[in-house]
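Here are my notes on the model you sent over.

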2 protein chains.
Amino acid sequence: MKTTRIGIVGYGNLARGVEKAISYAPDMELVAVFSRRAPLQTESGVAAYPMEQITEFTRDIDVMILCGGSANDLMSQGQDIAKHYHVVDSFDTHAKIEEHFQNLNTVAQAAQKVAMISIGWDPGLFSLQRLYGEAALPNGKNFTFWGRGISQGHSNAIRRIPGVADAKQYTVPKEAFLEQCRQGNQQDISAEESHLRECYVVLAEGADPDQVRDAICNMENYFAGYETQVNFISQEELDRNHGTMPHGGFVLRVGETAPGEREVIEYSLTLDSNPAFTASVLVAYARATMKLAAENRHGCFTIFDVPPAYLLPKTPAEIRHLL
Amino acid sequence: MKTTRIGIVGYGNLARGVEKAISYAPDMELVAVFSRRAPLQTESGVAAYPMEQITEFTRDIDVMILCGGSANDLMSQGQDIAKHYHVVDSFDTHAKIEEHFQNLNTVAQAAQKVAMISIGWDPGLFSLQRLYGEAALPNGKNFTFWGRGISQGHSNAIRRIPGVADAKQYTVPKEAFLEQCRQGNQQDISAEESHLRECYVVLAEGADPDQVRDAICNMENYFAGYETQVNFISQEELDRNHGTMPHGGFVLRVGETAPGEREVIEYSLTLDSNPAFTASVLVAYARATMKLAAENRHGCFTIFDVPPAYLLPKTPAEIRHLL
C-alpha cells in the first residue's frame, strides 16, 4: 500500500488529535508539523517547523491537514497552502462556507490540487446525515441537536465578561424536543428553545455574582433567548470536573412515506473528546483526498462529493464485505 | 430538470412503495410496471405489462427498479434486464452479494449500463453507517441490531409448521446489550444472544400448542439458540394488532481515539413501513444511477461507490447549504 505523507498545520488540540489518529492509519505517515510557535516538541516526536518553511516540503508531503481556527486562520491559510499541497480542513463557520469554497476552488483548480473543506462532525458527519436523511425521506424535515458538550465559543464569551476568572459552557439538548422528533412529530422549533446552556463560572476576587449572571444571560448572539443556567464554582472544581472536551449531538430526519406513515432516522454522537474525534474524521478524508487526486480531479470538494468507499484503506471487495 | 423515466419490475409491497416514492420525486416519472401477474390494476394507474414485454421499452425507460425477492428473482432477473436498462435492486442475501456483484458487473459492463445492487437499509443505509463508522473510528467495532420489527423470513418459517394457521415474528434487540454499546463497551456478542424472537401464532383447529412451541423454538437457522417467546392468539387479533410492517434497528460504532477515550456513534431507524422506506431509498439511488451513467461509468456499483451529492435533485450549491 502506498503511504500518504501528511503535514499538520497548527499545533493545538485538533492537531494533536490528528497526530494521534495518523498512528491508527496503516497507510499514512506524518512527516512534519508547521506552527507559528515552532520550534516545539511534538507528542509523536515528529519535527516541527516554522510556517515560513512550509513551501519547502513539496517533494515530501502530499496532504496538509489544516488545524487552525475557522475565525482567523483557515480562510487565508487554505488559499496559500492549496497552491502547493492538497489540503483538508474543518472550516465550520457555516455562513462563510460558500465563500471559502469558491476561493479554494479557484486556487486548487489553478494549482491542480484537491482542497477538501468543512470536514469533521458538524459540518461533516452531521451534514452527511442531513443529506442522506433528505434523500431517503424527501417528504420530511431535519433536526439537529448539539450536546451535551462544551462549546469553546460560548466558554470564551463568558471569560471575556469582567468579573469572570474562568468558565466552561455546556450546550445541552432538551430531552422533550428530542422525544417529539423520535415520535415522528415534525415540530417547528428553534435552536434557542430546544437547547439549554449550562455554565460553570469561576468568579474573580470581589466580583458580584448577580451582575455576572445578568451579563451572561443577556449576551446577544450567545445566551439571550436561551434558557441559561449559571453555576458558580471554584477554580479547583472547574479543573477537576470540567477539564475534558466531551461533545456530541443528534441529527434526526423525520418523514412520511404516506400520510400518517412515519419513518424516523436518528444519528447521534457521544464523544469523550471532540477534537480527537474531529481529527480522526479529518484523517479519513485525507485518504479520500488522495484518491480524488489520483483521478486527476482538482478544485474544492466537500464531504458530499466523496464516495464512501474512498475512506477506507481496503480493496473494493473487502469493502463490499461491510454490506 | 431532466426527468428520469422509471420502470418497476414486480408488483408486491416493495413495488407499491416505489410507486409511491416516485410521486415524492420531482425529477422522476413512472412509465410502466412489469409483472408476471399482468394485466393488473396499479395504485397509481400506470400501465402494467407482462414480463415478456420488458425489452420493448428501451426508448421509454431509463432505470428499472427491481422489486422481486432476493431468494428467487433478483439474481437471474438482474442479469437479463441489465442487458437493456440501468437497474437498481435491494438484493439482501449477504452471503451471495459478491457473486451477484460479479455477475452483474460483467453483464452491465458489456451492455454499458449501470447496475446498482443491495440498496435499502440493510444492506444499504446500515452498510453505509458501518463504513463511515470504521472510517471515523478505525480503532473500534461495529454492532448491528435489528428490530423491533417483523421478519418476513421468520414469519414464513413458522407458517410452514404443521398446526400453524398464521404467524408473525418480531425480531427485538435486547436493551441491555444496546446499552453496553452506548456506554462504549466493545462487547463480544452474537446475534443470538443480543436479540429476542417474539412470535404471534394462530393455531390450526386441534393443533397441540406445546408441540408447535417446541417446533418453533428448536428450528435450526431460525430460532434455535435464540430466546424465543411464543404467544398464541386468534386470527382476528393477529390481523388487528400485527397487520402492518414496522421495522428498524441500530448500527453502533464503538471506538477509542486514545486508550480509555471512548467515542460512540449510534444510528437508528424506526419505521412504520419497512417496504415503503426501502422503496424510498431505492428511488434516491435510481437518481444516483443516472448521474453515474451520465459520467459514462458502467458495471456494477454498490452504495459505497455513490457520492452522497448524487442523491438529491438539487444543484451543488444548494446541496452545500446542508453542510
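1. A salt bridge here is a side-chain nitrogen of Lys or Arg within 4 Å of a carboxyl oxygen of Asp or Glu. By that rule, there are 4 salt bridges between chain B and chain A. Take A:Glu98 and B:Arg320, which form a salt bridge with their closest N and O atoms 2.8 Å apart.

2. Some housekeeping: this is a predicted model, where local features need pLDDT of at least 70 and side-chain atom pairs count only at pLDDT 80 or more, while totals for chains, interfaces and linings use all residues. Residues are numbered from 1 along each chain as its sequence is written, chains are lettered from A and ligands numbered from 1 in the order written, and side-chain values use heavy atoms, without hydrogens and water.

3. Now the interface as a whole. Contact (heavy atoms within 4.5 Å) brings in 63 residues from chain A and 63 residues from chain B. About 5300 Å² is buried between the two chains, 61% of it on carbon and sulfur atoms; buried area is the accessible area (1.4 Å probe) that two parts lose on being put together, summed over both.

4. Look at the strands next (DSSP runs of E, at least two residues, numbered from the N terminus; two strands pair if DSSP finds at least two bridges between them). Strand E13 (residues 261-271) of chain A runs antiparallel to E13(B), joined by 9 bridges. Within this pairing, A:Ile265 sits opposite B:Leu269.

5. Chain A also has an open sheet of 7 strands with parallel pairing, in the order E3-E2-E1-E4-E5-E6-E14. Its edge strands are E3 (48-49) and E14 (299-301) of chain A, each pairing on one side only.

Technical notes
Helix = DSSP H or I, 4+ residues; strand = E, 2+ residues; numbered from the N terminus.
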